[in-house]
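Here is a short report on one helix, its packing and a metal site. Please look over the sequence and the model first.

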Amino acid sequence: MAELKALLFDVDGTLADTERDGHRVAFNRAFADAGLDWDWSVGLYGELLAVTGGKERIKHFLAGHRPDFQAPGDLDAFVAGLHKAKTAHYTAMLAEGAVQLRPGVRRLLQEARAAGLRLAVATTTTPENVSALLTHSLAEDGMDWFEVIAAGDIVPAKKPAPDIYLWAMQKMGLTPAECLAFEDSRNGVRSSTAAGLTTLVTVNGYTENEDLSGAALILDNFGEPDAPFTVLAGEALGADHVDVALLRRLHATHHG
Ligand code: XBP
Ligand code: MG
């Protein structure tokens, strides 16, 4: 039986609810700065989330909603510039404390560290966004809690491709049977399960109605000892909040 050694975390939607009031707002600010009349509403952004990666999402928007748009010069360079401005807005919002961690996240990370579990991030988002979130919303030394930060363009094929998880595990010298993954979305679960990882999902407003099949356990959030989670699918194995003991039982159920 493989031993549980590491926890691999998605960022957006999993560690924090970043999309609706974080990334979406930052995209709109960058569009306005550039004099564009694009405005991504909460509903439209939910549709655009079908494509992961900010630069890829902007191009997906153009293809479906502004097919006649002519970029001033090279399209990829224009999109990269817009996205850079978006990242600046987003990280500034995080520095102002605009985004909090989801329930149970800080506690679970602290417990996992105390138990000697190795931690990593596997996300589609830009590396600067990860460091801003961990530093401002987790702890000043939040980056040091994670052994590997696998993020952004480090692999060309973003989620739902398994590449980012495979990259993280390779860096750590671990097999999927020694890890658990944490995700919030269909694209994320497709990525982690294609990498062979048992996956615990916590949903949010954008993902609660998605097809999350393949997840080992689906919850509304990690819960706290005084604020239990709600089980949406799967077996919580007697727990009412996510702690290391539950993770070890979940791992043993799938790799025992
Ligand atoms: C996150 C993403 C990212 C963010 C925006 O997906 O798809 O594109 O929405 O960040 P996941 P960037 O949670 O599955 O990693 O603009 O930096 O891409
Ligand atoms: Mg996510």
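The text below takes the helix first and the metal site last.

This is a predicted model. Helix α4 covers residues 75-95, 21 residues in total. From first C-alpha to last it reaches 30 Å, close to the 30 Å expected at 1.5 Å a residue. Gly 97 follows α4 and has a positive phi, near 80°.

Several side chains of α4 are buried, including Phe 78, Val 79, Leu 82 and His 83. Lys 86 is also among the buried residues, as are Tyr 90 and Met 93.

| Helix packed against by α4 | Residues |
|---|---|
| α1 | 19-33 |
| α3 | 54-65 |
| α6 | 127-138 |

How do α4 and α6 pack, by angle and axis distance? The angle is about 5°, and the axes lie 9 Å apart. Angles under 35 degrees count as roughly parallel, so α4 is roughly parallel to α6. On the α4 side, the contact uses Lys 86, Thr 87, Tyr 90, Thr 91, Leu 94 and Ala 95. On the α6 side, Glu 128, Asn 129, Ala 132, Leu 133 and His 136 take part. By type, the residues of this contact are five nonpolar, four polar and two charged.

Now the metal site. The magnesium ion (ligand 2) has three protein donors: Asp 10 (OD), Asp 12 (O) and Asp 184 (OD). They lie 2.1 to 2.2 Å from the ion. Along the chain, the donors follow the spacing D-x1-D-x171-D. Asp 10 and Asp 12 are both buried.

Methods: Residues numbered from 1 in each chain as written. Chains lettered and ligands numbered in written order. Predicted model: local features only at pLDDT ≥ 70, side-chain atom pairs only at ≥ 80, totals over all residues. Heavy atoms only, no water. Helix = DSSP H or I, 4+ residues; strand = E, 2+ residues; numbered from the N terminus. Expected span 1.5 Å × (residues − 1). Buried < 20%, exposed > 50% of the residue type's maximum accessible area, 1.4 Å probe, protein only. Contact = heavy atoms within 4.5 Å. Donors = N, O, S within 2.8 Å, 3.2 Å for Na, K, Ca; no water. Axes fitted to C-alpha atoms, helices over the stretch in contact; angles between N-to-C directions. Parallel < 35°, antiparallel > 145°, perpendicular 65-115°, else oblique. Nonpolar A, V, L, I, M, F, W, Y, C, P; charged D, E, K, R; others polar.
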